[in-house]
Amino acid sequence: MLQTATLLTTEPAHRNPRAQALLTAALAHTYAQWGRLRGEDPYEVTRAELATRFARTAWRHHRGLGGVLSALTPQERLIVVLRLYEGVAEEQTAALLGLPEERVRAVCARSVTALRAAS
């Protein structure tokens, strides 16, 4: 999960305080909800909280700090990381972000094209 947060914030893997803070807050939320999970996967709950927290604070992460993903907008980074790195289904990504599936598909395709052109 730390790698996912690091990809979202585009911080270097060896120095990632924003990613650590993002993950710590998501884990704390999951821990606080632990008694109410009722059969839900804690990893899924934490990943959803991580994505939600990143989306809420994306304006702070608009300009990436380096790496290939820094060329993408926060929304593009979030979709690419969820879809391609985490392997979240298109429908789940769309529901999590409150976007239509077609939009998620289009943003993902456009982002992959941009990443290929950048590398």
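The buried residues of helix α5 are covered by elements that include α4 (74–85) and α6 (101–118). Contact here denotes heavy atoms within 4.5 Å, and helices (H or I, at least four residues) are DSSP runs numbered from the N terminus. The model is a predicted one, in which local features need pLDDT of at least 70 and side-chain atom pairs count only at pLDDT 80 or more, whereas totals for chains, interfaces and linings use all residues. Residues are numbered from 1 along each chain as its sequence is written, and side-chain values use heavy atoms, with hydrogens and water left out.

Helix α5 spans residues 90–97, and Glu90, Thr93 and Ala94 are buried within it. These residues lie on the same side of α5, because they cover an arc of only 100 degrees around the axis; the arc is that of the directions from the helix axis to the C-beta atoms. Burial is defined by relative accessible area: buried means under 20%, exposed over 50%, and partly exposed in between (1.4 Å probe, protein chains only). Just after α5, Gly98 adopts a positive phi of about 70 degrees.

Glu90, a residue of helix α5, has a relative accessible area of 14% and is therefore buried. Its side chain is joined to that of Arg105 by a polar contact of 2.8 Å. A polar contact is a pair of N or O atoms within 3.5 Å; within protein, one must be able to donate a hydrogen and the other to accept it, and residues adjacent in sequence count only if both atoms are side-chain atoms. When neighbours within four places in sequence are left aside, Glu90 is in contact with Arg83, Glu101, Val104 and Arg105.

The helices α4 and α6 also pack against each other, at an angle of about 95 degrees and with their axes 9 Å apart. Axes are lines fitted to C-alpha atoms, for helices over the stretch in contact, and angles run from 0 to 180 degrees between N-to-C directions. The two helices, α4 and α6, are therefore roughly perpendicular to each other, a class that takes in angles of 65 to 115 degrees, while those under 35 degrees count as roughly parallel, those over 145 as roughly antiparallel and the rest as oblique. On the α4 side, Gln75, Glu76, Ile79, Val80, Arg83 and Leu84 take part, and they meet Arg103, Val104, Val107, Cys108, Arg110, Ser111, Val112 and Leu115 of α6. By class, the contact of α4 with α6 comprises 8 nonpolar, 2 polar and 4 charged residues. In this classification Ala, Val, Leu, Ile, Met, Phe, Trp, Tyr, Cys and Pro count as nonpolar, Asp, Glu, Lys and Arg as charged, and the others, Gly among them, as polar.

Thr10, in the loop between α1 (2–9) and α2 (17–33), has a positive phi of about 60 degrees although it is not a glycine. Thr10 counts as buried, at 5% relative accessibility. Arg38, in the loop between α2 and α3 (42–56), likewise is not a glycine and has a positive phi of about 50 degrees. Arg38 is exposed, its relative accessible area being 72%.

The loop between α3 and α4 contains Thr57, which counts as buried at 17% relative accessibility. The side chain of Thr57 reaches the backbone oxygen of Arg53 at 2.9 Å. Ser70 is placed in the loop between α3 and α4 and is partly exposed, with a relative accessible area of 24%. Although Ser70 and Thr10 are 60 residues apart in sequence, their C-alpha atoms are 5.9 Å apart in space.

Several alanines lie in helix α2. Ala19 is one of the residues of this helix and counts as buried at 0% relative accessibility. With neighbours within four places in sequence left aside, Ala19 is in contact with Leu2, Ala5, Thr6, Thr9 and Glu11. A separation of 17 Å is found between the C-alpha atoms of Ala19 and Val68, which are 49 residues apart along the chain. Ala25, also found in helix α2, is partly exposed, with a relative accessible area of 25%. Ala25 and Gly35 are 10 residues apart in sequence and 17 Å apart in space, C-alpha to C-alpha. Ala28 of helix α2 counts as partly exposed at 45% relative accessibility.
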